[in-house]
Amino acid sequence: MPVNFLGSPPPNSKPQRKWWSKETVAVVTGSNRGIGFEIARQLAAHGLTVVLTSRDECVGQEATRVLREGGLDVAFHQLDILDPSSIQLFVDWIRQTYEGIHVLVNNAGVNFNVGSDNSVESAHMVVATNYYGTKNMIKAMIPLMRPSAVGARIVNVSSRLGKLNGRRNRIDDLNLRRKLGDLDTLTEELIDGTVATFLQQVDDGTWTSGGWPQTFTDYSVSKLAVNAYTRLMAKTLSDRPEEEKIYVNCYCPGWVKTAMTGWAGNISVEEGADTGVWLALLPDQAVTGKFFAERREVSF
């Protein structure tokens with residue numbers, strides 16, 4: 001059953017106060033299907049102008065057509081978040097068409113394991129897409145984030161599988177967990193070095209004894225990196241002037257019934273998109289560098 005975005009907030013949550021308009025531009029990556037498509041649909045239904053993106057132009061155009069037929073104000077542009085030239089073309093088009101954006105939702109991601117599978121055969125692609133692709137988009141779009149009294153927003157779709165201190169699925173190295181969890185020691189080099197070490201161990205066949213998460217290992221490591229980078233960027237951007245604030249958060253949509261989970265999820269796509277849309281539209285957005293699930297903050 002579809003979730004009413006404004007109708008089912010968690011206990012003690014503040015009611016939504018509308019600050020946006022048709023001139024508010026939101027970009028959602030990987031929005032031709034699944035959670036990304038639903039986030040784009042919900043944002044457009046709230047009255048924002050939404051730009052869908054997809055690596056495959058044909059499927060992206062089809063997704064855009066479906067939403068337009070529903071009366072929603074959406075546009076489309078091809079985007080491959082692994083291709084610097086594609087990102088630059090997209091940036092140039094955004095600048096020329098809209099001058100800038102107010103909301104960026106980094107949803108594009110991949111996972112090649114289902115059920116009890118835990119292959120790392122595609123680890124390089126998983127890390128490149130989920131972490132480096134997200135990082136590339138954030139760096140490319142920050143100069144285009146529009147000044148606003150309520151602040152621009154970046155929402156990274158992540159996963160609780162990437163929690164630093166999860167009970168069953170975490171990095172064994174306590175010292176590394178402490179460094180990644182401490183904003184004073186957290187750096188981009190540390191995050192990059194962590195994923196590089198994992199990929200090196202994948203290549204030389206030693207990853208199983210490397211103390212990495214045991215469930216969907218490549219996906220979990222990529223999302224751990226996304227979570228860490230979310231916190232790092234929130235800290236980096238916190239010094240911006242009041243009218244140029246950019247707030248960065250991440251969230252876990254849960255085990256959603258989409259192609260990425262082999263349709264085995266137990267959460268509807270509407271529910272999976274809900275917290276991402278909620279974060280994108282929060283009125284009192286002094287919230288940054290946090291991790292959410294089901295509209296509630298959870299620990300990293």
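Which residue's side chain meets that of arginine 41 in a salt bridge? In this predicted model, the partner of arginine 41 is glutamate 38, with an N to O distance of 2.6 Å. Both residues belong to helix H1 (residues 34-45), where a spacing of three residues places them about one turn of the helix apart. Glutamate 38 has a relative accessibility of 5% and is therefore buried, because the class covers values under 20%. Arginine 41, at a relative accessible area of 30%, is partly exposed.

Side chains of opposite charge can pair when their charged atoms come close. A salt bridge also links arginine 65 and glutamate 69, whose closest N and O atoms lie 2.4 Å apart. These two residues are four positions apart in helix H2 (residues 57-69), so about one helical turn separates them. Arginine 65 is partly exposed, with 36% relative accessibility. Glutamate 69 reaches a relative accessible area of 60% and is classed as exposed, since exposed means over 50%.

In helix H3 (residues 84-98), aspartate 92 and arginine 95 are three residues apart, about one turn of the helix.

Technical notes:
Residues numbered from 1 in each chain as written. Predicted model: local features only at pLDDT ≥ 70, side-chain atom pairs only at ≥ 80, totals over all residues. Heavy atoms only, no water. Salt bridge = Lys/Arg side-chain N within 4 Å of Asp/Glu carboxyl O. Buried < 20%, exposed > 50% of the residue type's maximum accessible area, 1.4 Å probe, protein only.
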